[in-house]
Amino acid sequence: MKKWSVVLILSAAQFVMVLDGTVMNVSISTVVADLHSTVTAMQSAITFYTLTMASVMLLGAKLGDVWGRRRALVIGSLIYSAGSLTTALSPNMAVLFLGWSIFEGLGAVLVIPAVAALIADNYDGRDRITAFAVIGAVSGGAVAAGPLIGGFITTYLNWRWVFAGEVVIMIIVVLFAGRIGETSSRRSIRIDLLSVLMSAAGLVAVVYGMLQTKTWGWIVPLHSPEVNGVEIAPLGISLSAWLILAGIVLLVLFFSRQRHLVAAGREPLLHVDLLSIRQLRSGLSVLGAQYAITAGLFFMVPVYLQMTLGLDALETGVRIFPLSVSLIVFSFVGTRLSSRWSPRRIVRIGQWILVASSILLLTAVEPQLAGLAFGAGMFFAGTALGLLASQLGNVNMSAVTEKDTSEVGGLQGVFQNLGSSLGTALIGSILIGALATSFAGGVGASDLSEQTKSIVDERTEGGVAIVPASSVDTIAGEAGLDSDDAATLEQIYVDSQLTSLRIALFGLIVLAVLSLLVSRGIPNQVPLSRAAAQPAPPG
């Protein structure tokens, strides 16, 4: 048991890091009401939590090399605990954003790379494969259990207790961190701050640009921000497009600087030659796609269940339960299969199941999302995500030598959280954008009077917000519409939400298909057979 105490401690930390990405999705409507905010603001908070981690994860990995990985784990856990406590006590969305999206994210950038590197420090051979599989299964379990934990606590206690519980878990991790061994020595290196700024600014610009497409438009300006009454849309192009372009340019310059630092004999923030390793490149790409799909699914479905159907947090968690169960079960099934099947075979099976389940979910869309087909689609989506979670951690870490494990741990964190950020931003933008388009079309094609249509157009000029469908008639009444027009408008809104859900699910199918193209570099050998092929140590 003592041998596995390290992975238990690190699994507790990993569980909390991943849990935060899904635990609040089923509580969106409750948090929005409690803090007198909006779904759009909540989407921004969810996105920026993962974006904070993605943007400075490489710095966190490098600090782990400088300070020592166990010390980085402890410092990160304390920062994370402070952020969770701030979030638990937040009186408004601004404080929640500061505690959750910023402080917790900054703590996580130290914890996540340290977890991966310390697993590599404490285990080798078959034990390392098992330990990484356990971490993958725990990550999958956190994704799956998040909606149930969040739903139960929000319904019977208060959503704030979720974050209070995280404080307790991370303090326990700090208290038991002394049991974790550390074989890698600290490195005295100079961190290039310009590289940190370039990578962080580039990632933030790309994701924030995507996040705002629902308001500002992709290319053609829609509702551009204004300064002193002047719209900001340079050369008649949406500010979102300029932000995304600027982010890409900054990231290209970042990679160029890393090569320059290496040529000058200085320590880069990222050894970009690591990305030339085919196995690592494929593993990271599939990992990013997996987290993008998971984040997109865990945003769109709870939003529909709560805002259209009016389900509470626990009822929402129960609807997602088939995915939760299968994700946990097949994380362990994938671990068992790894002794007989190659990682590529398991990953490819998972990817094809993910494509099929996404298509099944699209065909299952109906007003109540209560049919057998929807439950089966969620179950098989969890099956796919569980199989992927069981393999990708070891695929990535086994692609490099021990000296690079901390850096690869940072890269894993970048791709996980960048994938989550892009998934929430992209699928969320598709969902909200499709809602606005569908609602406008529905109003235009309806039998509402021209005067009523004019009032609706005026009230939705800045976009269509996601609100509970049951509140539409009240909003319409406050705008001066009679009861018949209000009822018609409510039905149009419900139909528009259903249409936007279908379009967002189609976006999920596209992501699932594209992920198949990047998995060719996953190893096609059974790990045990590789171990057996190695010569026995002398003496």
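## Largest cavity

The largest cavity holds about 280 Å³ of space, where a cavity is a set of points on a 1 Å grid over the protein atoms alone at which a 1.4 Å probe fits but cannot get out; the volume is the space filled by probe spheres set on the points, which are joined across faces, edges and corners. It is lined by 25 residues, of which Gln-14, Gly-136, Ser-139, Tyr-291 and Gln-416 are closest to its centre; a lining residue has an atom within 4 Å of a point. The structure holds six cavities of 30 Å³ or more.

This is a predicted model, in which local features need pLDDT of at least 70 and side-chain atom pairs count only at pLDDT 80 or more, whereas totals for chains, interfaces and linings use all residues. Residues are numbered from 1 along each chain as its sequence is written, and side-chain values use heavy atoms, without hydrogens and water.

Helix α6 (125–156) gives the most to the lining of the largest cavity, with six residues. Helices here are DSSP runs (H or I, at least four residues) and strands likewise (E, at least two), numbered from the N terminus. By class, this lining has 14 nonpolar, eleven polar and no charged residues; Ala, Val, Leu, Ile, Met, Phe, Trp, Tyr, Cys and Pro count as nonpolar, Asp, Glu, Lys and Arg as charged, and the others, Gly among them, as polar.

## Largest pocket

The largest pocket contains about 730 Å³ of space; a pocket is an open set with protein on both sides within 12 Å along at least five of seven lines. Among its 28 lining residues, Leu-203, Phe-415, Leu-418, Gly-419 and Leu-422 lie nearest the centre.

Helix α17 gives the most to the lining of the largest pocket, with eight residues. At least two residues each come from α8 (193–211), α10 (239–263), α11 (278–307), α17 (405–445) and α20 (483–516). The lining of the largest pocket comprises 21 nonpolar, six polar and one charged residues.

## Leucines with positive phi

Leu-235 has a phi near 55°, a positive value in a residue other than glycine. Leu-235 is placed in the loop between β2 (230–231) and α10, and is exposed, with a relative accessible area of 79% (exposed means over 50%, buried under 20%, partly exposed in between, with a 1.4 Å probe and protein chains only).

Leu-369, also not a glycine, has a positive phi of about 45°. Leu-369 lies in the loop between α14 (343–363) and α15 (372–389), and is buried, with a relative accessible area of 1%.
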